[in-house]
Amino acid sequence: MIPRDEANQACHADQEQRDQGPAGDAVPERRVIHVEPCGRKGGERAEEHDVDERVKAEAQRLGVADQVIWLGNRKDVPRVLTAADLFVLPTLEDNLPLAILEAMAMGLPVVSTRVGGVPECVISGVTGEVVPPRNAKALAAALVPLLKDP
């Protein structure tokens with residue numbers, strides 16, 4: 001499950017995973033669930049709608065659009081989390097994203113980026129994996145083993 005702001009990174013990671021050959025092929029049933037961040041009303045402002053359309057276009061260009069489920073803004077995020085096998089937040093600047101804590105409270109492994117306080121709560125190999133920001137290859141590499149055995 002991935003909030004919109006970082007969905008481009010997730011789309012690139014999904015493409016990287018596919019490009020890895022056998023490792024990517026080993027998890028063909030994966031789906032990316034795309035949910036709006038809490039408190040946002042997706043597409044309400046023109047620039048948010050533009051971001052949504054750019055992310056969808058990028059997913060299409062990368063050939064991963066069929067793997068993305070676009071849920072938009074949800075009030076039942078705990079229910080959505082129960083359907084997930086892991087939580088991905090390739091954030092670029094958050095200090096300590098509440099979404100990560102919510103996912104961990106639901107028992108999900110978390111894959112996120114080494115920014116702000118994220119490395120203090122996501123322990124690589126224990127509660128998930130932490131990767132460098134803006135690195136789709138590292139994100140994909142962290143996802144494969146968790147997708148094979150969440």
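This is a predicted model: local features need pLDDT of at least 70, side-chain atom pairs count only at pLDDT 80 or more; totals for chains, interfaces and linings use all residues.
**Overall fold**

The chain contains seven helices and six strands, arranged along the sequence as β-α-α-β-α-β-α-β-α-β-α-β-α.

| Quantity | Value |
|---|---|
| Buried share of the 150 residues | 45% |
| Share of contacts with a separation of 6 or more that join residues 24 or more positions apart | 59% |
| Accessible surface of the chain | about 7900 Å² |

Carbon and sulfur atoms account for 49% of that accessible surface.

**Nonpolar cores**

The largest nonpolar core comprises 14 residues, and those with the most contacts inside it are F87, I100, L108, V110 and V122. Two or more residues of this core are supplied by each of the elements α4 (77–82), β4 (87–89), α5 (98–105) and α6 (118–121). Apart from this core lies another, of nine residues, which includes V88, V131, L143 and L146.

Around V110, when residues up to four places away in sequence are not counted, the contacts are with F87, I100, A103, M104, V122, T127, G128 and E129. Of these partners, F87, I100 and V122 are also named among the residues with the most contacts inside the largest core.

**Helix α7**

Helix α7 covers residues 136–148, a run of 13 residues. From its first C-alpha to its last, α7 reaches 18 Å, close to the 18 Å expected at 1.5 Å a residue. Within α7, the buried residues are A136, A138, L139, A140, A142, L143, V144 and L146. Two of these, L143 and L146, belong to the core of nine residues.

Note on methods. Residues are numbered from 1 along each chain as its sequence is written. Side-chain values use heavy atoms; hydrogens and water are left out. A nonpolar core is a set of buried Ala, Val, Leu, Ile, Met, Phe, Trp, Tyr and Cys residues joined through side-chain atoms within 4.5 Å. Buried means under 20% relative accessible area, exposed over 50%, partly exposed in between (1.4 Å probe, protein chains only). Helices (H or I, at least four residues) and strands (E, at least two) are DSSP runs, numbered from the N terminus. Contact means heavy atoms within 4.5 Å. The expected span of a helix is 1.5 Å times one less than its number of residues. Accessible areas come from the Shrake-Rupley method with a 1.4 Å probe; for residues, only the protein chains shown count as cover.
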